[in-house]
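This report describes how two protein chains meet in a model. The sequence and structure are shown first, and the account of the interface follows.

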Amino acid sequence: MATSRIQKWDSDNVYTSNAEIYTRMFDMGDPHAKKKINEFFITFTGTTSQAMVSLKVHYRFHNNDTWKLFGYGMTAGTGGRRLSLTPIYNSGTTFQMEQDSTDNSIVRIKDVYTIQLKLSFAANQKIEINDYAIEYRTVRSNSISEPEI
Amino acid sequence: MPKDVIKIDKFHGGQNNSADPRDILSNEQEFLQNVHVDNIGKITNMGASVRDITKTEATGTPIPGYGLATYNSGWGFTPVSGMLAAHTTPTYGTDGVQATGIIDFSEQPSNTQGGNIIRPTSVSSVDGDATITRADSDWNCIVLGIFLQKWTPTDATGVDYTPAGNPIPLFGTGSSSDFKLASESSYTTGTLPNGATYTGSKYRMPWNVTTFNAAGSTDGTDYNETYNQELNGIPGTGAALDYGRNNFLVICDLKDVDNFEGHPMSYEFDSNFSSVNNINLVYGVGTADNLTDAIVAAINENKDFSGFEAEEVGGGIRIFETTASGACYTLCSTFQRDDDQIATIANIEDGDNVWEDATNGTNYQGGIFNLWADDSMQGEICTDTIVPDLVMVAGMSGHDRAPTDHDSWKGALNWWMDYFDDIDEPTYGETPTVATVKSHFLGEDGNEDTWASLSQIGLGQGSPKIAQVEQVVFSGTAAAGNAWTIDINGTEHLQVYGDAGNTATNWANHFNGDIDGGAQGSAVDAEDSSGTLTVTSTTAGTAGNFSFSIYPTGSTGVTRVDDERIAFINNAAKLQIHSEDIGGWVNDTSLNNIGWSSASSAKPIMYAEGGALRLSDGTFASNNLPKVVQYFETGNLCGIANDIIVGHEIMSQDLSWKDAYTIDYEGGGTATTGLIRSANYDDANDFNGSGTDWMNASYLTKNRWKFAFEVSSNEGDWSGKHKFYASAVYSDGSESLPTHDFTNTDTDPLASFIDAAGTVSTPWDFENNSSLKIRQLCHPPTATETAGGDWIFDSRMIGIRLWHSKEEDNYSIYYHVGMVHFTDGFLNHSGIQIYPWRASTTESALNTCTGTADSTSGATDYVHIISTDEDDTFENRIGYDSSSKSLTAAYQHATITGRRVWIAGVKYTDEAGANRVYNDRMIASPVNMFDVFPTPYNIIDVDTSDGDVITGLKSAHGRLLQFKNKAMYIINVADSDLQTAFLESTHKYRGVSKPYHIIDIANGIAWANKFGVFKYEGDDVVDLMISSTEDTQRLLDLNTWQDFFSDNAIIAYAPLDNLLLIKRNIDASAETGAAEADVYVFEFNTGSWTTGKERLVKNKDCTNFITLKDGTLVTMVFGSSGLDGNPGNPS
């Protein structure tokens, strides 16, 4: 026999496998200067020691570009859990990938005028994202390059 | 240039997808999904809807967008005395939680060599290379098999489990060729690299499959065994499918170019991974993809056969049941085969004490296998140790090892096995033992709590199906008037005082027998013990769920409590009321049948005041009359002890004087009860009990009421000619028109008297300075007869008010005379009791509230009205025009403000006597009369020239917000005077198309349409999609919004979180996937927007949303698919 039931909005029913954040498009204050993107940092706070976040970060340079994988990571626990992600070498975009000459595992994204990030994460419990940051270096140049349009 | 950092730590600007993402503010994001930004400096993951397990299921199916209301009553449902019953639901029937688990291919902390389950660490094995940097390029093929072993509870308790059927391969059982593997007979191009052998036109994989059941083999080879799929829920009875040859995912680099190096997320399958005939191999799915995408695609390709799906989450893969079966699953290795010696799940780790607090054969519920500690995946990660018996990963040369007697760990342990192969490790060369395994998994501290964190490949499991259990604890001693009804799936079981003994044990036992022997006896199983009745579904899971309600149906009074009610009208026009007092739904058939036709297409609108619920069908379907539900508990009627009206009733909302209250005046009528029109008092013989006068129970039969008006020569201020009338007075202060007019005739009563057909009434002539004597006599039903429903008046009615009119006013003004209160006697125009009720001493069946004693001379049996009150007119006292033509209307919208009900989109009987629909008209009730809608004088027309219809009506801050499709009108009714109400403002393109596009918010009203989302809080109409910051700008792209918003979208407000939710669709079948549950969310705390994917009522239709007194936002849902509170699948 058909039965109906009551559902309620539960702010604690927070499990998500598909949370997404598209950041603004960063130009780091100068859209005409090339930058190298070294690292991405993000700080989480879990509500319990068992709160777990699995994060994947993508990036793109222009509004309608396809997203490229930047990196991923997982952390768990309370209080200021910090993830730092370095770009994963992407053979499909080698022209903008730079590997450290002394350690091939260190990769930077180069020739960046503007960059937007997509943060995708799964979380089993309530978590907070407290901040995120991009470490970059502006490339010294004697001439001003036209930004890519 | 030095390194620099750009940091973002403010997010309260929310989503802004309208502006260019280069130009949005630093605290804004271009897109937000499944997160909240309701606090400065924080992004938190979003809530979701979940079943409210504090409330049992109701019967029937909702009407999408309509049919739910909440109100409070000062009465509960629990009897004040006698047999009492306390109802609880110890266990809600659930299908459990979809078995789910995340396989993380990230580098494992315990594997210092950078290995992972995809990348066989055995590549860095026995040569003792201290650097552990063996060339991965040697490995060109990985074989990955993921099998699931189903476990089902051995009984309804869900404590013990046993394997069910054979392991289920996640790869390659389907008919699609996309992911078939190397053993296909058509593949004849040679040998696979690294040792795969070609035998019998098939490739044999060299991992350990020796425990496969050869007897099940179709061709004598161990890789080609068959198993039977599940059919109709019975494992092993379905079609036979192969295990071996196509159930493993083979990842090959045939051209030996790419390496399995680094993190699998970076494995990209480009053209180098193509095969010559596109079989057997994981290769790019269309374009280059990473390995996890390929695995997800392979699993999903097979989902129709395996019943499992996958999605990528972060760096891992979440595998989950398509439909939760309630079973447990472990990810496979050979020990779980049904030919294995280990037969029960309790033996998996028996003796190893890996699971804490477990004893053999018990306590191994599905939850123990949860990666999360509770069903909702919101609790802490399970502290019970997770058996890493997860994925069989084999390098082509095979290096499976496991502790003795723990073959179950074989394969799964490959990924850390290099501890035993690394010459620098202290465990080099050792045979793995449980202790060494634990030491590596648990870390140096040996804390098993860290196991889960270390082992991201832990088992993810759902919870099992649970059978619904309802429990009723009876207490007290039954007494006369006690009765309880238990309704199970619409089948009522009634027990009244006298059916069984009077003890609680008797009642529980009696119900037990009645239920087991009743129509639902096969659906539920009843038991009783010491006055406790337990009713359990005979089928575990939601398929066996049943509606259960218990409510008193006796004649005893109920407790006075503040009872929060939820009213639900289903699509069969059945009203059910959830009572906080009794903790369940009242499904009383005498209460819930609202008698509407075409109920599935009805659009119920409800409002409540004074503990009474009103409901109307906005479709105005024929005979779908507005109704009221209310509890009554009167005092002694007509002064008769215990002659009371008790109980809840559903009745017509119409408060007009009913024809049934008047004995037929015209000859065509049939009523023989009510007030008698022939009301002249000519002499004392009318009441003196002699002859054939009215003081005779045979003449004044049951429910006949006699009023007599005598022109008295005693001095008074009554002059001229007068007529007399009666109106119905109701408990909430409402009053009908004085429709009953008394007839001035001098008719001797006869036994067969009905009324003088066609008698022409003449006025009472008081000439000059006379007075009025009123005599009243009635024959009320006895207490027993009233309990049986013989009382003729509306239960809301508390008395009969008497009026008179004068010739000098052309009989057009009604003046108050007094009132016969059914319990308090005769009241004068000030409401002061003149005479109480008394029984006639002449005729015991008759009662009166006039005079002090029966009189044969007429000297002591009357109320003497000396003077009239010229100011006490009907309009002054009652508040609406006495020349109104109709008092009742059906309506599509209603709101209460200024102690009036305002209804809109109405159907009523107009001046011409015709029933007409006015869908752009409003009617206001008189003050404090919440069921009276006088027309034509209380009609409010705002703008009838716009050709539009009223689509919604709300009130806030002394204003009415009248919504039409194209515009919204604000009408100022702050002083509650209809004459001074005025149209304050008109707002084009701020209308709505459906009433469920409007919702009350904390300080006003919010609504949504194609042009945006708006609020009104007493000042201006505010567009919530326009930023209120210093940089005024649109926050949400309108095109995107208009793709989202439709007539089927619905708005809700969650006061506990102070957020507004706009859900995409109330009809689950109208959307692909679960898009109906997508939401836009406005955070009032920060004035910002975000979105949610599949967060609000997934896979189900829903009613409108309401807010309970504790601030909980709820809706009623129905759907055949989807689960409640399912992790990742909020429904």
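## Basis of the report

Contact means heavy atoms within 4.5 Å. By that criterion, 66 residues of chain A are in contact with 94 residues of chain B.

The model is predicted: local features need pLDDT of at least 70, side-chain atom pairs count only at pLDDT 80 or more, and totals for chains, interfaces and linings use all residues. Residues are numbered from 1 along each chain as its sequence is written, chains are lettered from A and ligands numbered from 1 in the order in which they are written, and side-chain values use heavy atoms, with hydrogens and water left out.

## Confidence

The model scores ipTM 0.95 and pTM 0.77. pLDDT is the predictor's confidence in each residue, from 0 to 100. For chain A the mean pLDDT is 82, with 82% of its residues at 70 or more.

Chain B averages a pLDDT of 74, and 65% of its residues score at least 70. Its residues 241-246 have a pLDDT below 50, yet this stretch has 37 contacts in the model beyond near neighbours in sequence. Residues 252-289 of chain B also stay under 50, and the model has 117 contacts for them beyond four places in sequence.

## Extent of the interface

Buried area is the accessible area (1.4 Å probe) that two parts lose on being put together, summed over both. Chains A and B bury about 7200 Å² between them, 53% of it on carbon and sulfur atoms. A:Arg5, A:Gln7 and A:Trp9 supply 15% of the area that chain A buries against chain B, more than any other three residues.

The rule finds 4 salt bridges across the interface, each being a side-chain nitrogen of Lys or Arg within 4 Å of a carboxyl oxygen of Asp or Glu. The side chains of A:Glu135 and B:Lys3 meet in a salt bridge at 3.5 Å, N to O.

Several elements give two or more residues to the side of chain A that touches chain B, among them strand 1 (3-10) and strand 10 (127-138). Strand 10 of chain A gives the largest share, 12 residues. This strand pairs in the antiparallel sense with strand 6 (residues 42-45) of chain B over 2 bridges; pairing requires at least two bridges found by DSSP. A:Ile129 stands opposite B:Ile43 in strand 6 of chain B.

Definitions and conventions: Helices (H or I, at least four residues) and strands (E, at least two) are DSSP runs, numbered from the N terminus.
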